[in-house]
Amino acid sequence: MVSLPIVQYEEKIIETVERNPVVVVIGETGSGKSTQLSQMLHRRGYGKIAITQPRRVAAVSVARRVAHELGVQLGEEVGYAIRFEDRTSHSTRIKYLTDGVLLRESLANPELNEYSVIILDEAHERSLNTDILMGLMRRLVNIRSSDLKVLITSATLDGEKVSKFFADCPVLNVPGKLYPVEVLYSRERPSSYLESSLKTALDIHIREPEGDILIFMTGQDDIEKLVSKLEDKVRALEEGSCMDAIILPLHGSLPPELQVRVFSPPPPNCRRIIVATNIAETSLTVDGVVYVIDSGYVKQRQYNPSSGMYSLDVVQISKVQANQRAGRAGRTRPGKCYRLYPSRIYNDEFLDVTVPEIQRSSLAGSVLYLKSLDLPDIDILKFDFLDPPSSESLQDALKQLFLIDAIDENGAITSIGQKMAELPLEPSLAKTLMEANNYGCLYEALTVAAMLSAETTLLPGQRKTEKKRKHTISNLPDGSGLGDHIQLLQIYECWDQTDFDIGWCKDNGLQVRGMLFVRDVRKQLSQIMQKISKGPLDVRANGKREEFRQDYRNLRKALCMGYANQLAERKMHHNGYRTLGFQAQVVQVHPSSVLSLDDLGKFPDYVVYHELIATPRPYMRNVCAVEMRWVIPIINKLKSLDVYKLSGGVHHVEEEPEKKLPDFPKKDVEVASTADDRESRIQAARERFLARKGKK
DNA sequence: GAGCACTGC
């Protein structure tokens, strides 16, 4: 422990913290910042210390290590708090928590008086929650100037910017403990990064001394292709010409038991070649890696506020990401990083920092959260944060919130909106629960909301062999033809009837972890509903359920009210739909949907959808049939909407258009926002094209 | 008739 670089800087750090309310600490990998900063401040007698982490596992493992170093029982002086699990007590002085948990805490106590020190760790990852916390911290240090210290840890390329945001606070540099990594660039960008990765990996395997190889690819498809090509080539090598090799895929939808294979060391005289997504960038650390191959690409989910549509695009990584990837080669000894792009691309085209999540997500939930905090001294609409989102994105959020009565026509939060903010759900689902409580179907709505919260983790990732699973398995219910929400409800109820039998999940191809998560979420939502609901609460299944089962009318009505901004109307003579938002989109029901056709081969006239996804064709994922008479009042409300009033009478569009993408190295950023959008769409299309070419 | 980077309250 004494060998950690940060220990030598203790005096300097303490001195700087004593003199300044905010300090930025640049601590590279291996500096020990996550475990040591809190202990230093604790030793100097500061009161309760909160340290946020973007990931649950990190909060738990770092807390465990600190407790061990201090020789105390975990949960006593040192503890952690993550969703569903609070291991702290009255004696806790050092508390590790996920940034989401700290946001929840500040909902109950906006001044966070409990803490003397708040450390936002890994701020350079720019998670949505960390960005919001940074905005709140800027306000908090003014209000609690005498008794609060804030530390923010970040990466080299971002430090000055964060410092500027906090009134030019001091920046301390703490070196990391990485071995040198030699970076090698390609002369030009390869026409196929898959082939290029293959060739580079084989070259390393044949020529270079022992040490594992880590290859960064963009997704499961490419990983599987590369793994099988590598296996062929390695098998074809002449026996005895070089050491053996095992090839391991690593990505998020791999079942956990296959993921952990990368943690067991290879047999002697054998090299491991790990082909991974960016899960290996931060979430999982593979020991023994000496060579890194970096394609320079990543798959990124982005939200388009003008269409309300998500897309998953292959985009170039940022410099911070490239350096993080390279660093994975130098953890145990000096290593090499092969970048499959020229240094010119790195210098001129890569952004310094990954585009923050706040500029890539729908902000309905965040805006509702901030409004519910009721901070008179902060202008939410200016989003006075490190990288403000576009005004278009904010207006989209306001419109959504207005349509579900979370805010009134002047943009002020309503009492129902206040309650919705308490629920750890996106606003549309929170509203669905509130409506369901009125219609006597909260019991079912809780299940639907919980199932949707876990949706992506329910089905296992081996889709090659089980492609048509959803349709071919007959034992799973089909939503009675009414749509995917109803199916999700029915699936959970089947599981409930087996007394939550693990074997039942396995038999039906459902991820056990995912289903257990659903049960936890459901319980949590139920408890919060009990807390915030003053009137009678219908959380237990009671009699009269049978007639309800027929068509789930009330539940579908509640969903319709909750998803008021996610409605679609079928086109006259075919099964395409037109969304009823502000910019009508022509979309299709996703082919995986269980929504059924009527006798004439037609889908229902109206549906609500959980999300729009461009893949690249536009689809509605998770749809539910609703009735026209429920939809009409919503359409009328749509007509009455006045965005100008919602935004508090301020024209934000004209205000600061150049702030939209502050970090793009493009010189011609001062174009109108529509042209700007077009530009980025063209850019995205170009990258998709390149990525497709790479796959061939 | 078709597809899914990674987190998290």
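**Sheets and helices in a predicted model**

Q: Which strands make up the open sheet, and in what order?
A: The open sheet has eight strands, which follow one another in the order 4-3-5-2-6-7-1-8 with mixed pairing; two strands pair if DSSP finds at least two bridges between them. Helices (H or I, at least four residues) and strands (E, at least two) are DSSP runs, numbered from the N terminus.

Q: Before we go on, what sort of model is this, and how are things numbered?
A: This is a predicted model, in which local features need pLDDT of at least 70 and side-chain atom pairs count only at pLDDT 80 or more, while totals for chains, interfaces and linings use all residues. Residues are numbered from 1 along each chain as its sequence is written, chains are lettered from A and ligands numbered from 1 in the order in which they are written, and side-chain values use heavy atoms, with hydrogens and water left out.

Q: Back to that sheet of eight strands: which are its edge strands?
A: Strand 4 (85–87) and strand 8 (171–174) are the edge strands, since each pairs on one side only. On average, neighbouring strands of this sheet are turned by 20° against each other, with direction ignored; axes here are lines fitted to C-alpha atoms, for helices over the stretch in contact, and angles run from 0 to 180 degrees between N-to-C directions.

Q: And what does helix 1 touch on the sheet?
A: Helix 1 (residues 10–19) touches strand 1 (22–27), strand 7 (149–154) and strand 8, and its direction makes about 165° with that of strand 8. Contact means heavy atoms within 4.5 Å.

Q: Which strands does helix 5 lie across?
A: Helix 5 lies across strand 1, strand 2, strand 6 (117–120) and strand 7, and runs at about 150° to strand 6.

Q: OK, how do strand 2 and strand 5 pair?
A: Strand 2 (residues 49–53) and strand 5 (residues 94–98) are parallel and share five bridges, with Gln53 having Thr98 in strand 5 as its bridge partner.

Q: New topic: at what angle do helix 2 and helix 3 cross?
A: The axes of helix 2 (residues 33–43) and helix 3 (residues 56–70) come within 10 Å and cross at roughly 50°. That makes helix 2 oblique to helix 3, given that angles under 35 degrees count as roughly parallel, over 145 as roughly antiparallel, 65 to 115 as roughly perpendicular and the rest as oblique.

Q: Which residues meet there?
A: From helix 2, Ser34, Thr35, Gln36 and Gln39 meet Val62, Arg65, Val66, Glu69 and Leu70 of helix 3.

Q: Is helix 12 mostly buried or exposed?
A: Nine of the ten residues of helix 12 (residues 364–373) are buried (under 20% relative accessible area, with exposed meaning over 50% and partly exposed in between, for a 1.4 Å probe and protein chains only), so the helix is largely enclosed by the rest of the structure. Among what covers those buried residues are helix 4 (99–108), helix 5 (128–143) and helix 13 (391–403).

Q: What happens just after helix 12?
A: Asp374 takes a positive phi of about 55° there.

Q: Last one: which strands does strand 20 pair with?
A: Strand 20 (residues 606–614), with eight of its nine residues buried, is joined in parallel to strand 15 (residues 309–316) by three bridges, and antiparallel to strand 17 (residues 567–570) by three bridges. Eight bridges join strand 20 to strand 21 (residues 618–626), and these two run antiparallel, with a hairpin of three residues joining them.
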